[in-house]
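Please look at the sequence and the structure below before reading on, and keep both in view while you work through the paragraphs.

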Amino acid sequence: MKKGILLSLFFGLLTNCVAQSGDFSLGVRSTFSLFSDDGAGLGSGGQARIRFSNSLNTDWFADYIVVNSTYVRSSYAHIGWSVLYYPITQSRSAAAKWTPYIATGHCFDYNQKTLLTNQAQASRWGSAVQAGLGVHWHLSPKADLTLSSQYMIHLTKEIEVMGPLGGLPDALLVAKGTVFEGHLLSTISFNYQIGKLW
Amino acid sequence: MYCAALTLLLATFCFGQETQSPKIFHFFGTYSPSIRTTDAAWGFYLHGNLSVYLQKNLSVSGDLFSLKQQDGLPVSGQQSVFFGPEWHHYHHQHDLSFGMQPGLLRQTSYLQPLVSPFLSYRYFVHPYLHFFVQARYVYAPSINGFSQADWRFSGGLAFQF
């Protein structure tokens, strides 16, 4: 009798834990880049979302972000992933319209700078880590709007803008050493669950 | 012959009295006047749309704009593309919808990310046809105080299935 109850409890918990495991969603996103050395920028992109358990999800994203400043256009391509942890799982708040989460992950980035004065270009690859907070707004059992803000720190070579003292910049130089650069990425995305992977 | 045509017309008209919101997708092609927010320059876009319905009140829309004229002068090589969700609120033959789409502007030498909220109204006149009007704001970051951000207005006939 006791064994039966324990087994029922175990399988009940297991089912509850993995009920949403394998959910696969696709989404589109707009990203606002703030507080970077280049200035504020806007990005467009998309993401795939794969859920591993009720409390753990993952976003696999790609963004194209452009930051315009007085003399330089800076284009970033971000490809990365974030792990989303739900401190309040949906099993505990099934009727909830909102699901908050903590996110952290990695990202590879490609940056190309273009001088607006003479169209000179320079580019470099880099890597980054990001962490932040977000919330899903469930529009239906399959669709959600997600708002998130993550701070991303790049370890990268810097592209320096060169020019004569007091004159307009006329060259770009990829510095030899690596430096840390950061920016806040605020993203709004729409996601729709199109199936289950397992 | 005339009787057959009249019967077909009557049948179409009668059939058209039943409200039929789209089940799978709708699409349209139209011209779209625009006004740029920075300098109030008027433009004309060629605008194409395809929306696929995920649920009765939710669709994903793809929109393609090609700028054909700005301030009375012909323009080529400037396209913008958008993709994102749209929420529908039906009432009888009417549909008021709101959407928000990330997008990209392609100019001759570079790509610029965009974001565009929009409002649409549809009036269903037939199981396969509806009239529509749409107003959208396209936000583009400025370069040295100049931005490609504009308002775009579309309207006309659309097809639904």
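For the complex as a whole, the predictor gives an ipTM of 0.77 and a pTM of 0.82. Chain B has a mean pLDDT of 86, and 87% of its residues reach 70 or more. Among the elements of chain B, helix α1 (residues 2-16) has the lowest mean pLDDT, 45, whereas strand β8 (residues 129-138) has the highest, 96. Over residues 6-17 of chain B the pLDDT is below 50, and this stretch has three contacts in the model beyond near neighbours in sequence. Where pLDDT is low, the predicted coordinates should not be read in detail.

With that caution in mind, we can turn to the architecture of chain B. Of the 161 residues of chain B, 32% count as buried. If we take the contacts in chain B between residues at least 6 apart in sequence, 48% of them join residues at least 24 apart.

How do the two chains meet? In this model, 19 residues of chain B are in contact with 18 residues of chain A. On the side of chain B that touches chain A, the elements that give two or more residues are β2 (42-55), β5 (79-91), β6 (94-106) and β7 of chain B, and β7(B) gives the most, with five residues. Sorted by class, this side of chain B has 13 nonpolar, six polar and no charged residues.

The largest nonpolar core has 11 residues in all and draws on both chains, including Leu42(A), Tyr64(A) and Tyr76(A) as well as Leu105(B), Val115(B) and Ala140(B). Strand β3 (56-68) of chain A and strand β7 (111-126) of chain B each supply at least two residues of this core, and the largest share, four residues, comes from β3(A). Val115(B), a member of this core, touches Ser30(A) and Leu42(A) in chain A, together with Pro102(B), Gly103(B) and Tyr139(B), if residues up to four places away in sequence are not counted.

Next, consider a residue of chain A that lies in a strand: Asp23(A) is found in β1 (residues 23-34) of that chain. Asp23(A) counts as partly exposed because 18 other C-beta atoms lie within 10 Å, a number between the limit of 12 or fewer for exposed residues and that of 20 or more for buried ones. Leaving aside residues up to four places away in sequence, Asp23(A) touches Arg51(A), Gln193(A) and Lys196(A). By contrast, the C-alpha atoms of Asp23(A) and Thr114(A), which are 91 residues apart along the chain, are separated by 41 Å.

Most residues other than glycine have a negative phi. Gln119(A), however, has a positive phi of about 65° although it is not a glycine, and Asp71(B), also not a glycine, has a positive phi of about 55°. Gln119(A) is found in the loop between β5 (98-115) and β6 (121-138) of chain A, and it counts as exposed because it has 10 C-beta neighbours inside 10 Å. Asp71(B) lies in the loop between β3 (58-70) and β4 (73-74) of chain B, and with 11 other C-beta atoms within 10 Å, Asp71(B) is exposed.

Note on methods: Residues are numbered from 1 along each chain as its sequence is written. Chains are lettered from A and ligands numbered from 1 in the order in which they are written. This is a predicted model: local features need pLDDT of at least 70, side-chain atom pairs count only at pLDDT 80 or more; totals for chains, interfaces and linings use all residues. A nonpolar core is a set of buried Ala, Val, Leu, Ile, Met, Phe, Trp, Tyr and Cys residues joined through C-beta atoms within 7 Å. Two residues are in contact if their C-beta atoms, placed from the backbone, lie within 7 Å. Ala, Val, Leu, Ile, Met, Phe, Trp, Tyr, Cys and Pro count as nonpolar, Asp, Glu, Lys and Arg as charged, and the others, Gly among them, as polar. pLDDT is the predictor's confidence in each residue, from 0 to 100.
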